[in-house]
Amino acid sequence: MSQTPARARGPRQTAGGKPRRAAPGRAAASRAPAVERTRLTDLDRRLIAELQRDAREPMSQIAQRLQVAESTVRHRVNRLVDDGLIEFMAVTDPLRLGYQEMVFMTLRVELDRLRDVAERLRALPHTFFVGICTGGVDLLVGAAFRSKQALLEFVTGELASIPGVLAANTSNILEVVKRTSAFGLILEDPPSA
């Protein structure tokens, strides 16, 4: 059987290329917040670290470096994806793709409409991040636009027409200095109480 590198398959496909559950990305954002932290084995942690280093590397090479069978690596990756602990995606830089305006907006929203507003914003093609916050801001929204005019039309049109939005503050990103989705891992589980 030929070795299929991780990059040749879609992130939600089995080793045989069959589709798996829902697509990653926006669908994953609608999951309920985790109440309990998932316990990871030492192998899970090492595997995630390898994938964060280079998720396109063939599973056979990762297995060799971790000194386990390739089938073990494939099984663990599939379980981590199914459990929502990892996902695969191509991350782009909107400013380098011709989008002139990349912004983060802080919104104040009527609390009884908070989730509705968040869902409306999540569904828009301009947004790449929507998060419900604590403190003086109710929502943090990341979005990209082709021009200042498109941003203006969004703020004065689409955003202004969403019921429950009370105020918006927009900050333009001039240059992306650091962006990563590879968060550090907790190396071991805390001792049981």
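In the predicted model, 13 salt bridges are present. One of these pairs Arg 76 with Asp 44, whose closest N and O atoms lie 3.0 Å apart. Through salt bridges with shared partners, Asp 44, Arg 76, Arg 79 and Asp 83 are joined into one network.

Glu 50 takes part in a salt bridge with Arg 53, with an N to O distance of 3.1 Å. Both residues are in helix α2, where Glu 50 and Arg 53 are three residues apart, or about one turn of the helix. A salt bridge is also formed between Glu 50 and Arg 65, with 2.8 Å between the closest N and O atoms. This second pair connects distant parts of the chain, since Glu 50 is in helix α2 and Arg 65 is in helix α3, 15 residues apart. Glu 50 is buried, at 13% relative accessibility, whereas Arg 65 is partly exposed, at 39%.

Helix α3 (residues 59-66) also meets helix α4 (residues 70-82): their axes come within 8 Å and cross at roughly 110°. Angles of 65 to 115 degrees count as roughly perpendicular, and α3 is therefore roughly perpendicular to α4. On the α3 side the contact is made by Met 59, Ser 60, Ile 62 and Ala 63, and on the α4 side by Glu 70, Val 73, Arg 74 and Val 77. Of the residues in this contact, five are nonpolar, one is polar and two are charged.

Terms used:
Residues are numbered from 1 along each chain as its sequence is written. This is a predicted model: local features need pLDDT of at least 70, side-chain atom pairs count only at pLDDT 80 or more; totals for chains, interfaces and linings use all residues. Side-chain values use heavy atoms; hydrogens and water are left out. Axes are lines fitted to C-alpha atoms, for helices over the stretch in contact, and angles run from 0 to 180 degrees between N-to-C directions. Helices (H or I, at least four residues) and strands (E, at least two) are DSSP runs, numbered from the N terminus. Angles under 35 degrees count as roughly parallel, over 145 as roughly antiparallel, 65 to 115 as roughly perpendicular and the rest as oblique. Contact means heavy atoms within 4.5 Å. Ala, Val, Leu, Ile, Met, Phe, Trp, Tyr, Cys and Pro count as nonpolar, Asp, Glu, Lys and Arg as charged, and the others, Gly among them, as polar. A salt bridge is a side-chain nitrogen of Lys or Arg within 4 Å of a carboxyl oxygen of Asp or Glu. Buried means under 20% relative accessible area, exposed over 50%, partly exposed in between (1.4 Å probe, protein chains only).
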